[in-house]
Amino acid sequence: MTAGFSIDLPRLSLATIYVLLLAVFLFMRERAPYHARLFADLNPPLSSERLGRLTDQAAALARRYGLSEREQEVVVLYAQGRNRAFIGGKLFISENTVRDHIKSVYKKMRIHNKQELIDALERSEG
């Protein structure tokens, strides 16, 4: 008989399984392609009215700053809160290309972050 020390095997087994599943999830998340990532996009879609307004605002920015059609498409999705994986999947481009488009938009507009982009969209007239 051991004094003062006992092991609860069912709880230890469950904890071990939980840790292993978490490790597998994190490992697979880093290596999975964009369309297989869990929780890659949890944002609900915008209403058609809001999406139309956002598209008009992005078009106004495109005219003002000389954004390409693809940059404009990226801006609309990015302003919706979509991540690079989702945007790349939707537009059939790589995440790195999405990143490059966002960098190009920031450079053309002389802005530095997503909040400044959203502020510019809100100020633009469609």
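Residues are numbered from 1 along each chain as its sequence is written, and side-chain values use heavy atoms, with hydrogens and water left out. Because the model is predicted, local features need pLDDT of at least 70 and side-chain atom pairs count only at pLDDT 80 or more, while totals for chains, interfaces and linings use all residues.

**View 1. Helix α3 meets helix α6.** Here α3 (residues 69–79) packs against α6 (residues 114–123) at about 105°, with axes 11 Å apart. Helices are DSSP runs (H or I, at least four residues), numbered from the N terminus. Axes are lines fitted to C-alpha atoms over the stretch in contact, and angles run from 0 to 180 degrees between N-to-C directions. So this pair is roughly perpendicular (65 to 115 degrees). V75, Y78 and A79 of α3 touch K114, L117 and L121 of α6; contact means heavy atoms within 4.5 Å.

**View 2. Helix α4 meets helix α5.** α4 (residues 84–91) and α5 (residues 95–109) also pack at about 105°, with axes 8 Å apart. On the α4 side you'll find R84, A85, I87 and G88, meeting E95, V98 and R99 of α5.

**View 3. The largest nonpolar core.** This core has 22 residues, and L61, V75, I87, M109, L117 and L121 have the most contacts inside it. A nonpolar core joins buried Ala, Val, Leu, Ile, Met, Phe, Trp, Tyr and Cys through side-chain atoms within 4.5 Å; buried means under 20% relative accessible area (1.4 Å probe, protein chains only).

**View 4. Around L61.** Leaving aside neighbours within four places in sequence, L61 is in contact with G66, L67, M109, L117, A120, L121 and S124.

How values were computed. Helices (H or I, at least four residues) and strands (E, at least two) are DSSP runs, numbered from the N terminus. Angles under 35 degrees count as roughly parallel, over 145 as roughly antiparallel, 65 to 115 as roughly perpendicular and the rest as oblique. Buried means under 20% relative accessible area, exposed over 50%, partly exposed in between (1.4 Å probe, protein chains only).
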